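I opened this notebook to record what I looked up in one structure.

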Amino acid sequence: MSQIKSKQVVMNGETFTINKRGWTVSRVVNYIGDAIIWIIIGVCALSCLIPFIHIFAKSVSEEAAVVANKVFLIPQGFQLEAYRRIFQDASLLRSMYVTVVVTIVFTALGMFLTVCCAYALTRPDFKGGKVCTVLIMFTYYFTAGIIPDYLLMNNLHMLDTWWCLILPLCFAPYNLLILKNNLQGSIPEDLFESARLDGASHFTILRKMVLPLSKPILATVALFYAVGRWNAYSDALYYIQRRTDLRPLQLKLYYLIVAATESLQSDAGSVQVMTNPEVMRAACIIFAAVPIICVYPFIQRYFVQGTMVGAVKG
Amino acid sequence: MGKNNKAPRLPMPGKKGAAYYFRRDWQLYLLVFLPMVHLFIFKYLAYSGLSISFLDYKVAKGYFGSKFVGLDIFKKVFTHRNFLPALRNTLLLNVLDLVFSFPMPIILALLLNEVRVKWFKSVSQTMLYLPHFLSWVVIGAVAYQLFGVNNGIINSLIKSGGGEAIPFLQSDGWWLFTYVAIGVWQTMGWGTIIYLAAITNLNPDLYEAAKVDGANRWQQTLHVTLPGIRSTIVVMLIMQLGKIMGGSFERILALSNAAVPKYSTTIPMLVYDWFRANKFSESTALGLFQSVIGVLLVFVSDKFAKRMGEDGLL
């Protein structure tokens, strides 16, 4: 909020000066400057959007037009065959299902651990809190590495299970830090003191006072967990080797398109096999990207907020 | 919760035993219990796996059956023919990222700050943030769709303009270019957040004073805004320098392919290759080497930031 407010002050000041001067050389220069700025920002912004419009156009175009490289931003000869095949492909739908389930459980579990820990660590007279913080932050800067993690998963018999996608990463030091820093500043210490004097337990304070008062930051941290889990694939690449039915969507997409070592299940027995994989690939990309593209305009402000909280003390 | 030295009814003022604090704060200890158990199992137990970089580790024999070989594994790793190229590539890709990806958000933030039309600013920001939310697999897949030699839209535009197709992702030199360009594209929007926040915190009076002195917009940006966010820039730069041995495995895996091993063989890629070749000890030792250097760099850059009067990272 304060960002917009003080911006306006600056902006109003600027507008004011321009109006006072009237139609002068400096005003013309100003307009030219504005035009250049708009063009540069516009080009950068469009470069972030156009690739996805192009791929969407490809995914709904006739195969012949795609092969002939005729499709740019407008679909040529509308068809939904590629999407029909995606929704017939059991393995892709299964991957989507795995990703959704894992993301939900991961986020719920991660939030539970993070909230409990962050609240306890913000209590000023909690003996041992400092030690806990140091122990947690040490793991943030020094990670064991993927092979020790893999061996641990092996020893815990978690390889090729749901749990290897959920448990190892579900308590993230960085998210804890964000939540802790935010809780520390947002609620006055007097409130805690009086609640404690009134006989409230820490559980009650956490449930009835802290959680309702810090909804925005809770949403931020939950989204950090959810989007992080949704997008990650390197852990699954290591941990999910045999159980192909447990591949999350991003890993499936990696094997399908980037590594191109697999094709869709429906290719095997299908009569009308598409000769060129381009349309199918474009449709798969859209299939994998659409959930995020749909939600991100609504969640971006939480991310912006979280990034700024994290930057205060990273 | 009174301070302990203000509680006269307790027999021993000053030092208290663990039992006292446990009785008083058992709820808090209960709250941190599960997070700490998680931390112990998934982070600290994983550290034990690092021991295999000193063992001639065989999966069948386990930690205790494998032979202790001292630093032999490290000698083997450091003299491996792929080690120096991987080290060079890791540094090269990160330095290129630093040179090209670092200034772009600053420039964009300064430009966005000059935009006075609200809707244009928020729409372009929303578009610029999009790549940050997508997984590297999706971005990699999009890159193959755009930059492909035969099917890529960029190359078909070049060809229709009478040019030669460019192997953006298939030849070593061009791959380096594409890798860095995609990095710039992915981070340019999101990176502006920190700088825009810093600009918002600048004192509006400074601009007024500059205007009274007759400074135009360009001069205001150069002499007020830029010096105002200098400390933020320095901190971000130092943080980036601390990450010069890091680098995202997911990014490089999503963008690399068999045709371009020259620059895409980085340390995380080598760790993955060796893992697939069942060379667990070598792989772990290499990962450990990277972690240790990475931690040292973070510490050095933190000291550096603090010496310059900044908050630092730790």
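**Conventions.** I worked on a predicted model, in which local features need pLDDT of at least 70, side-chain atom pairs count only at pLDDT 80 or more, and totals for chains, interfaces and linings use all residues. Residues are numbered from 1 along each chain as its sequence is written, while chains are lettered from A and ligands numbered from 1 in the order in which they are written.

**Interface.** I looked up the contacts between the chains, taking two residues as in contact if their C-beta atoms, placed from the backbone, lie within 7 Å. I found 85 residues of chain A in contact with 76 residues of chain B. Helix 2 (residues 25-59) of chain A supplies the largest share of the chain A side, 16 residues. Helices here are DSSP runs of H or I with at least four residues, numbered from the N terminus.

**Helix pair.** I next examined helix 5 (residues 90-122) and helix 12 (residues 215-231) of chain A, which pack at an angle of about 145° with their axes 9 Å apart. The axes are lines fitted to C-alpha atoms over the stretch in contact, and angles run from 0 to 180 degrees between N-to-C directions. Among the residues that meet, I noted Phe106(A), Gly110(A) and Met111(A) in helix 5 of chain A, and Ala222(A), Tyr225(A) and Arg229(A) in helix 12 of chain A. By class, this contact has 8 nonpolar, 5 polar and 1 charged residues.

Most residues other than glycine have a negative phi. I therefore recorded Asn69(A), whose phi is near 55°, and which is partly exposed with 18 other C-beta atoms within 10 Å. Asn69(A) lies in the loop between helix 3 (63-67) and helix 4 (81-88) of chain A. His157(A) also has a positive phi, near 55°, and sits in the loop between helix 7 (146-155) and helix 8 (163-166) of chain A. His157(A) counts as exposed, because it has 10 C-beta neighbours inside 10 Å. The cut-offs on other C-beta atoms within 10 Å are 20 or more for buried, 12 or fewer for exposed, and in between for partly exposed, with C-beta atoms placed from the backbone.

**Distance.** Finally, I looked up Glu63(A) and Asn155(A), which are 92 residues apart in sequence and 49 Å apart in space, C-alpha to C-alpha.

Notes. Helix = DSSP H or I, 4+ residues; strand = E, 2+ residues; numbered from the N terminus. Nonpolar A, V, L, I, M, F, W, Y, C, P; charged D, E, K, R; others polar.
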